[in-house]
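Please keep the sequence and the three-dimensional view at hand while reading.

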Amino acid sequence: MKHVVRDLAVKRSIEALYTGGIIEWSADGSTLYSTCSNVVKAINLDDSLSCYTIGDPEETLRITCICLDKNRSRLLVAYTNYVIREFTLGESTVSVARTWKTMHTAPILTMKFNQDGSMLATGSADHSVKIWDMVQQHCTHTLKGPGVVSALTFIQNSRLMVGYLEGQVCMFDLVKGATHKLLREWKTHSSQVTGFVELSGSRRVVAVSRDQTASIVETETREVLKVFPLFEAVEAVVLAHNGNMVTVGEEGTVKEWLIGSAKVLRSKNITTTGLNFLLYNPIRDQLLMTSAEENIFIVSFDNLSLKRQIVGFHDEVYACSLFGKDESHLAVASNAREIRLYDVKTWDCQLVEGHSESVLHVTTAAFDRSLLASCSKDNSIIIWKLSGSPGDGQVQLVPIARATGHTNSVNAVCFSYSGKRPFLLSVSADATIKLWSLADLDSDVKMGDSVADIEKLSCCSTFVAHGKDVNCVDVALTDSICMTGGMDKLVKLWHVDSAKMRLGIAGTLSGHRRGVADVRFSPNSLKAASSSGDMTIKIWSLQDKTCLQTLNGHNSAVFRILFVNHGTQLMSADSAGIIKIWTLVTMEADTSIEAHNDKIWTLLVNHDESEYVTAGTDGRIILWKDVSEDRKLEQEAKARKRMEEEQTLSNLLEQDRFQEALEYALGLVRPFCALKVIDSLIDRDELMPALLKLDKQRIQTLLDFATHWNTNSRTSLASQNVLNCILKALPPDELLELPNIRSVVESFIPYTKRHMERLNKVRQDVSLLSFTWNQMRLN
């Protein structure tokens with residue numbers, strides 16, 4: 001670093017994109033519209049997942065359903081108060097076209113447009129479906145059913161198929177004046193109907209259900225032609241361009257079915273959790289599906305290969321780590337058993353499975369940026385290797401070694417800095433520290449190996465480090481000493497003999513009043529830092545093991561610390577979401593940034609300290625850019641411009657060019673400079689001619705200045721002169737055209753009265769003084 005870190009600005013924020021429910025896909029496949037609690041996120045798939053928000057984030061109502069009219073670029077959003085809001089989607093703007101009450105008495109669960117977008121069907125938990133004429137803007141039908149509506153679709157544009165929670169299927173006639181609205185009710189299924197597909201070129205409709213079956217119905221004869229097994233509870237179904245049916249369900253597998261023979265043509269497992277939503281885009285020939293864990297998958301229909309993964313939201317982020325060549329990827333440990341692997345260019349995400357419980361920490365090896373270590377609540381450690389080239393998009397995170405031996409959750413891991421005698425340190429809630437040798441680690445990637453089949457590391461040294469859980473560990477640049485912090489309020493130092501792979505006690509640092517959350521070695525001095533739940537940061541001398549400084553300023557527990565700028569500055573993050581930047585020489589916090597809404601669990605920096613990453617309990621991952629130098633240059637430019645303006649104004653005054661000086665000061669919106677010019681014009685009795693030459697914009701600016709001048713007795717004379725001249729110079733009609741003229745006059749009145757009272761009192765005092773003086777004079 002060549003400059004002091006003073007300020008950070010958000011470069012990228014990874015926030016919640018999808019929290020479950022319905023997703024809509026634009027006709028060209030470039031944009032996703034996903035429900036995210038009380039708003040809709042429009043996600044651009046062609047622009048690094050950039051997104052914008054549709055709806056009010058402050059809205060207290062939650063969204064129950066959305067529906068996209070692909071013909072007219074409008075989005076309908078249904079809320080928990082049974083109201084539908086129609087948004088018009090422009091190229092760069094979104095506006096509310098209208099809002100209407102549906103008169104449903106329970107939440108709207110599903111909505112569908114007919115083929116030309118002229119009719120809308122809304123299905124509700126109140127057992128009814130309402131049909132809306134979108135041209136005339138009124139309800140045309142209310143169709144009562146036997147239960148909660150779970151699926152619906154228009155067929156032949158004048159009929160409606162409706163599926164219900166208890167397995168019934170009803171077909172309704174929507175033709176105006178029809179004698180019987182309900183044409184037929186089928187009770188073929190025993191569980192929730194989840195979707196329909198209308199077979200092109202025929203009058204047949206396929207209904208799928210959670211009872212693991214599908215039924216084919218003839219809409220004219222109203223007969224059930226066939227019921228065939230699907231062998232899983234199906235959650236969604238679509239019809240592909242080749243006329244085959246595609247389903248997803250509880251197995252997490254996408255399947256293509258030949259409807260005539262009821263056979264599975266091909267299948268592909270996408271995730272270990274269930275899939276509960278499915279869309280097909282014929283233009284891109286891709287399938288979009290969502291999992292029960294709110295993750296989005298985009299699959300090529302051609303070969304069922306996984307093209308993209310999008311994480312809907314992070315429940316709580318425990319740790320992040322930049323790794324790979326040129327730090328091309330970001331590994332994220334959240335409240336899930338998968339590691340989320342982000343490509344920092346496209347922000348596509350892979351879900352990497354290996355642990356059986358939540359991953360608590362991830363870290364990268366300094367001697368090999370392609371190595372990553374993760375630890376978990378399942379008491380294990382896995383070492384991963386990043387294989388493939390980021391350029392060809394075939395990057396994978398492959399497990400190459402695992403370590404077991406801890407008897408409780410592994411809270412943190414740390415690699416050695418040197419690759420000559422590499423090792424790994426781990427600390428756990430079982431109060432121990434373990435040393436693992438990586439000298440014999442086979443870093444060759446073997447594709448397809450499961451975690452159970454990979455090499456198992458052997459522990460070289462184990463110590464009971466603390467009296468309670470051990471929270472953190474860090475190793476010095478020399479690899480000869482490491483440091484741990486625990487819930488027993490202590491920081492402990494440990495000798496590391498990398499030749500014999502042994503640990504030894506080096507000392508204890510005490511002084512915190514609560515558990516120690518993080519420890520760090522200074523990169524360029526014999527110092528270390530620790531942060532604690534007691535809201536303090538302590539700087540320690542490693543030579544005599546004493547506390548050199550205690551940094552106070554946080555109002556909540558300090559969870560993460562980080563040395564920057566060659567160890568001369570320290571960054572800290574606390575449980576309230578505040579980041580502070582400290583200068584150690586002065587012991588002062590130069591900057592405080594409100595970064596998150598809750599606890600910050602992660603604070604890391606890239607290799608050249610130009611960018612930082614924070615993440616925490618609010619599920620947001622924020623990439624920060626160091627803008628200290630940019631802000632410094634901006635301030636210098638502003639100061640330089642101000643000096644130039646001051647010099648120009650001074651030159652105009654010296655040359656007695658008061659008219660130009662007044663216009664210049666008003667144009668720059670500089671009240672003090674304008675006041676100096678007004679005083680000079682009053683002295684020369686040239687104020688009226690000068691004001692007559694001003695345009696309306698500058699007169700308005702001058703009136704605003706005069707309003708403020710009038711509040712002070714020292715500048716009120718200039719203010720009163722300005723108002724007097726303007727009232728004389730401008731006709732009433734022109735005065736009324738000025739914006740805010742009413743508020744200007746109202747602001748003048750009370751202070752003018754006060755000045756008048758003050759002048760009257762002064763006049764009385766002068767008269768009394770004169771009278772007294774005359775009476776005192778000798779005859």
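Does C67 count as buried or exposed, and at what relative accessibility? C67 counts as buried because its relative accessibility is 3%, where buried means under 20% relative accessible area, exposed over 50% and partly exposed in between, with a 1.4 Å probe and protein chains only. The model is predicted, so local features need pLDDT of at least 70 and side-chain atom pairs count only at pLDDT 80 or more, while totals for chains, interfaces and linings use all residues. Residues are numbered from 1 along each chain as its sequence is written, and side-chain values use heavy atoms, with hydrogens and water left out.

The cysteines deserve attention next. The structure holds zero disulfides, a disulfide being a pair of cysteine sulfur atoms within 2.5 Å. For C67, the closest cysteine sulfur belongs to C65 and lies 6.8 Å away, which is too far for a bond. C320 is likewise buried, at a relative accessible area of 7%; its sulfur is 11 Å from the closest cysteine sulfur, that of C349, again too far for a bond.

Beyond neighbours within four places in sequence, L75 is in contact (heavy atoms within 4.5 Å) with residues including Y33, V40, C67, R85 and F87. L75 belongs to the largest nonpolar core, which has 39 residues; L32, Y33, L75, M111 and L120 touch the most other members. Such a core is a set of buried Ala, Val, Leu, Ile, Met, Phe, Trp, Tyr and Cys residues joined through side-chain atoms within 4.5 Å. Apart from it lies another core, of 35 residues, with L653, L662, L702 and V722 among them.

Helices (H or I, at least four residues) and strands (E, at least two) are DSSP runs numbered from the N terminus. Helix α3, residues 671–683, packs against helix α6, residues 716–729, at an angle of about 70°, with their axes 10 Å apart. Here, axes are lines fitted to C-alpha atoms over the stretch in contact, and angles run from 0 to 180 degrees between N-to-C directions. The two helices are therefore roughly perpendicular, a label for angles of 65 to 115 degrees. From α3, L675, I678, D679 and I682 make the contact, and from α6, A718, N721 and V722.

Finally, strand β39, residues 423–428, contains L424. L424 counts as buried, at 0% relative accessibility. Its contacts beyond neighbours within four places in sequence include A373, I383, F415 and W436.

Conventions: Parallel < 35°, antiparallel > 145°, perpendicular 65-115°, else oblique.
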